[in-house]
Amino acid sequence: MQVGETRATRFRMQTQPMNTVVELPRGVDPTPEQLELLAEHSRRLETATPPEIIRWAVENFHPKLTMATAFGPEGCVILHMLGSIDRTVPVFNLDTGYQFAETLELRDRIAARYGIEVEMKQPDTTVAEYEALHGGPLYKTNPDQCCFDRKVKVLRQAALGMHAWMSGIRRDQSPDRAKAPIVGWDKKFKLVKISPLANWTKKEVWKLITDEDIPYNPLHDQGYPSIGCWPCTRAVMFGEEDERAGRWSGTAKTECGLHTLDDSPKD
Ligand code: SF4
């Protein structure tokens, strides 16, 4: 711990008199009382708009607030809102080395439109080094480990020193995400997690993108409703209703591990 660094996440209670601060311990899980306070905020924010939720997050956690984005439609919508709320919130992308060129180009379009420079956070090995280490592409044989090494570990590193992170998950995306609170404690990363679009629908996201001409990944117009790394993403076919059907298709895997509570495969 650095000199002068507090041992706790400072969390202002807006439902209580200003300057009332709840201390959330760092490195350990909060107490049941502290979890209840988070739940109370989450319940209150259920009826707030996404910009109100983002503003709340900025007021309570910035400069210890960060955001991770894979430049999906939801991430682009949050960046659009953040552009008029606070452009100084640090935003990063987990740059696995396997992303589509269209995804990487979107970073520049976001920067040009909003002045937000999304920082690319890479794993400690290049794709070539990683594949040489494992005798070939691990995404073919052990995608959970590959996601862990090239996403989860990188997020842990990127979020060091932060107290809260924002993500673009929506409850209607998958059963895994159906119970996501607006605000909750993320055990895996030991951070407060804020999901401003948790109760938005896909339709609402795309309506805003269309209405506000928000930059988005052109692959969405080519049959890819959800986009991750190119080896693990395919276009969906006519009649496939699950918007994540093209992710890790043909396997039981549905999540990269960033938004699940289960333990990591191997540290
Ligand atoms: Fe590896 Fe595929 Fe996970 Fe990307 S999505 S980190 S390529 S397993």
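Predicted model: local features only at pLDDT ≥ 70, side-chain atom pairs only at ≥ 80, totals over all residues.
Which residue in β5 does leucine 94 stand opposite?

**Figure 1. The open sheet and its strand order.** Six strands form an open sheet in the order β5-β4-β3-β6-β8-β7, and their pairing is mixed. The edge strands are β5 and β7 (183–186), each of which pairs on one side only. From one strand to the next, the twist averages 35 degrees. Strands of a sheet pair through backbone hydrogen bonds, in either a parallel or an antiparallel sense.

**Figure 2. Strands β4 and β5.** Strand β4 (residues 91–94) runs parallel to strand β5 (residues 119–121), and three bridges join the two. Leucine 94 stands opposite lysine 121 in β5, which answers the opening question. Together with helix α4 (residues 101–114), β4 and β5 make a right-handed β-α-β unit.

Figure 3. Methionine 67 stands opposite valine 91 in β4. Between β3 and β4 the chain passes through helix α3 (residues 73–85), a β-α-β crossover that is right-handed. β3 also pairs with strand β6 (residues 164–166), in the parallel sense and over three bridges. Here the bridge partner of leucine 65 is alanine 164 in β6.

Figure 4. Strand β8 (191–194) is joined to β6 by three bridges, and the two run parallel. Tryptophan 165 has lysine 193 in β8 as its bridge partner. With β7, in contrast, β8 runs antiparallel, and four bridges join these strands. Tryptophan 185 stands opposite valine 192 in β8. β7 and β8 form a hairpin with four residues between them. In a regular strand the side chains alternate between the two faces of the sheet. Both faces of β8 are covered: Leu191 and Lys193 are buried on one side, and Val192 and Ile194 are buried on the other.

Figure 5. Lysine 190 lies in the loop between β7 and β8. Although lysine 190 is not a glycine, its phi is positive, at about 55 degrees. Is lysine 190 buried or partly exposed? Lysine 190 counts as partly exposed because it has 19 C-beta neighbours inside 10 Å, whereas a buried residue has 20 or more.

**Figure 6. Helix α3.** The 13 residues of α3 should span 18 Å at 1.5 Å a residue, and the end C-alpha atoms are 19 Å apart, which agrees. Of these 13 residues, 10 are buried, so α3 is largely enclosed by the rest of the structure. Among the buried residues are Pro73, Glu74, Cys76, His80 and Leu82. An α-helix has 3.6 residues a turn, so residues three or four places apart point the same way.

Figure 7. A cis peptide bond, with omega of about 15 degrees, joins histidine 62 and proline 63. Proline 63 is found in the loop between α2 (50–61) and β3. Phenylalanine 71 is found in the loop between β3 and α3. Phenylalanine 71 has a positive phi of about 65 degrees, although it is not a glycine. Because phenylalanine 71 has 25 C-beta neighbours inside 10 Å, it counts as buried.

**Figure 8. The shell around the ligand.** The ligand is surrounded by 13 residues, of which the closest are Pro143, Cys146, Cys147, Cys229 and Cys232. Which helix gives the most to this shell? Helix α7 (residues 143–158) does, with five residues. By class, nine residues of the shell are nonpolar, two are polar and two are charged.

**Figure 9. Phenylalanine 238 in the segment after α8.** Phenylalanine 238 lies in the segment that follows α8 (202–212). This phenylalanine 238 counts as exposed because it has 5 C-beta neighbours inside 10 Å. Phenylalanine 238 and glycine 223 are 15 residues apart in sequence, and their C-alpha atoms are 9.0 Å apart in space.

Note on methods. Residues numbered from 1 in each chain as written. Pairing = 2+ DSSP bridges. Right-handed = clockwise from strand over helix to strand, strands pointing away. Near = placed C-beta within 6 Å. Nonpolar A, V, L, I, M, F, W, Y, C, P; charged D, E, K, R; others polar. Axes fitted to C-alpha atoms, helices over the stretch in contact; angles between N-to-C directions. Buried ≥ 20, exposed ≤ 12 C-beta atoms within 10 Å, placed from the backbone. Expected span 1.5 Å × (residues − 1).
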